[in-house]
Amino acid sequence: MTDDTGKVHPTPHLDQLEAGPWPSFVTGLKRLRDSTDKQYAPMMNDLLGQLEHSYTNRLGYWKGGTVSVFGYGGGIIPRFSEAADKFPASKEFHTLRVQPPAGYHYTTDLLRKLCDIWEEYGSGLIAFHGQSGDIMFQGCTTENTQKAFDALNEIGFDLGGAGPALRTSTSCVGHARCEMSCYDEVRAHRSVINNFLDEMHRPALPYKFKFKFSGCPNDCVNAIHRSDFAVIGTWRDDIKVDQEEVKAHVAKVGRKYMIDSVISRCPTRALSLNDDDTLEIDNRSCVRCMHCINVMTKALKPGDDRGVSILIGGKRALKVGDLMGTMIVPFMKLETDEDYEKLVEFGGKILEFFAENALEHERIGETMDRIGLPAFLEAIGVEPDPNMVRHPRTSCYVRTDDFTEEAEKYFERKKFERAAKAPGYSEAAE
Amino acid sequence: MTEAKATPRRPDEVGVPDPFPLMHPVLRKNYGQWAWHDRPRPGVLHHVAKGGDEVWTVRAGTQRQMDVHTVRKLCDIADEYAEGHVRFTTRSNIEFMVSSFEKVPALIQKLQAEGFPVGGTGNSVSMISHTQGWLHCDIPGTDASGVVKSLMDMLHKEFVAEEMPNRVRITTSCCQVNCGGQGDISINVQYTKPPKINHDLVANVCERPAVVARCPVAAIRPAMVNGKPSLEVDEKKCVCCGACYPPCPPMQINGADSTKLAVWVGGKHSNARSRPTFHKLVVANLPNNPPRWPEVEEVVRKILYAYKENAKDWERMGEWIERIGWPRFFELTGMAFTKHHLDTWVGARHTMNMSTHVHF
């Protein structure tokens, strides 16, 4: 029973996913199937047929392959059906991974243009957005892939990453609509990614490499675990406190609730509620976790000396086990043009290290584990810092005959850092 | 290159598009200049800029995999009831920005009338982040959109309210690669049987040394089977992770009955209060039961409501469990603690209780 006969595949399993209050993707797929004046209607009928087939047999029926557009080696996810004998119209159902505007901002005008293009060349099915951050235009024949890309490229969109390459990035809403944002995420995101597009479009890295940009330690784009290079906003100076707003908050929620929900939740016991309901903060003990700022959005704000922490090596299970990004740069100021250039330069240095040193199919977090953090730091030219560890080593299996020289280097660095500190930074007397 | 034959168009390598021309004008004007925010009601954010400008954002859930008609409907709503600018969140919610609070009620009403739930803000259960599944992935053990649709039907009332102790982030993944990521609750495929090998195809389809290298427990070795070069699996060593399947599709890891689902808890990315954490196993071997996965739904419901009823304000799932202890968690949720909860991977010893701290 194929589209040749004009018949609609029965979908008894999928039909059950049309009930209930949440918007149904099945209803959407059926709308496409029933748009009989459109080129994609037969394709979507067979797609629904194959999906129902999967629901019946509890198995998937897609296989990969090789499809690309002229000039690029990646960005298209090829899908060929293994059940094409039953569902020939959706035999080829490739995805175009397309990089969205930083921060996922759209005008309705632009979204309509995307729909028109995908209605002409594709299946009419779009995912906003995939887990890497791409707009996923799902369902395109091999023949139409180039045409769809050309049309999208003409209105300013570019393909994202796939395979062993730099991947599409994401950044949080940040500066555009969030008072907690500690740097210009759009600028960082676009400066870094657009500088290394060659690594995205022509896959030649040992394995995937992801950057993600979050404006503060709330990490709304999940950078710490879902990226190899996490850029997370932070600040060095004191939390900004409006004591009148603190008092207003205490008056509203009550003193006990304030203590239970804010004061005692501080992970480093840096908060204390004064007798007059103002807040005392031990800023040198604060770890910038964001909790008190999240709860008291009017009273508290990140400080003024803002920048980013950079954590490297986050990934999921395969194959050494899950890794969170590890603190490599506790603070990089991000304010001036030079600061942003420095970030791009550092990103390039890490990419280059990865390209030259990682084994095939090894993420940079695994490379770091394999060679050890001291060798990694030496390779990328970063000095050790106590913020990189939860605690110093507990194992005695290490050769320390140059400990004294290393200690001297540390004291030299501290001297230099103190001299270089920007004026206005309040450092406690030492 | 003067032949009549059309030369292919060269791509314009524009990279990440510039969002500023697309951004709502109040957001663009106050870029980096926001002062504070509050939430007048679930699903609505109110941001105030240092200069006094205000913007209201109405957040609504979508099905993520959207047909063009749905996208156009959302555009129609944005044009008629909002101001023509939208954005999406990491969890596939759509946001409509308006510069006047007066526009909010009608916008909410219209979204609800068209079937888009308004919510997902503050301490709610937001949309489940999910993957592709049977709809489009080449290695899926289950569907993604269907699992998510089933669960979000159940969770709808928690999406439109802000009644959880803290935000709840749920993820799903259709294989153990876990593209859905970490979550307060994660529903992930967990294979239970070693791959079934089609020895006729291995030599032609798979780069055998790469497949051998991919195995995390060194259970795969080259072998001649029926006179053909192939691969064999030491089934006693195999942990059924499926890592060999993507580079070698003839090593089928999925089976209609052997592909199961596991539920994990306590993952978190935010640094708020406690450090970011990985999710931990609660229950495995749940049946892969389309189209509605009722057994999974039941487990998620039990965990979610045990959390809702017992956690203190601002405790994320993992922080709540940290306080009450795992014995109490298993007791409150009615789940079993087994030998499979004892980690055996690299660093496992650090997950054990090396103290006399116990909960009774």
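Predicted model: local features only at pLDDT ≥ 70, side-chain atom pairs only at ≥ 80, totals over all residues.

I counted 22 C-beta neighbours inside 10 Å, and 20 or more is enough to call a residue buried, so Q176(B) goes down as buried.

Next I checked where Q176(B) sits: it is in the loop of chain B between β7 (170–173) and β8 (185–191).

Then I listed what Q176(B) touches, skipping residues up to four places away in sequence. On chain B I got N188(B), V189(B), Q190(B), Y191(B), C241(B) and G242(B), and from chain A there is A317(A). I also looked up R91(B): it is 85 residues from Q176(B) in sequence and 20 Å away in space, C-alpha to C-alpha.

Domains next. Chain B splits into domain 1 (25–113), domain 2 (133–192 + 256–351) and domain 3 (196–251). I get 30 Å between the C-alpha centres of domains 2 and 3 of chain B. Their contact uses 5 residues from each of these two domains. On the domain 2 side I noted 3 nonpolar, 2 polar and no charged residues.

Last, the chain A contact. I have 95 residues of chain B against 101 of chain A. Which element of chain B gives the most to that side? It is α2(B), with 8 residues. By class, the chain B side has 42 nonpolar, 34 polar and 19 charged residues.

For A127(A), I noted Q65(B) as the bridge partner in β4(B).

Key
Residues numbered from 1 in each chain as written. Chains lettered and ligands numbered in written order. Domains from an automatic or database assignment. Contact = placed C-beta atoms within 7 Å. Nonpolar A, V, L, I, M, F, W, Y, C, P; charged D, E, K, R; others polar. Helix = DSSP H or I, 4+ residues; strand = E, 2+ residues; numbered from the N terminus. Buried ≥ 20, exposed ≤ 12 C-beta atoms within 10 Å, placed from the backbone. Pairing = 2+ DSSP bridges.
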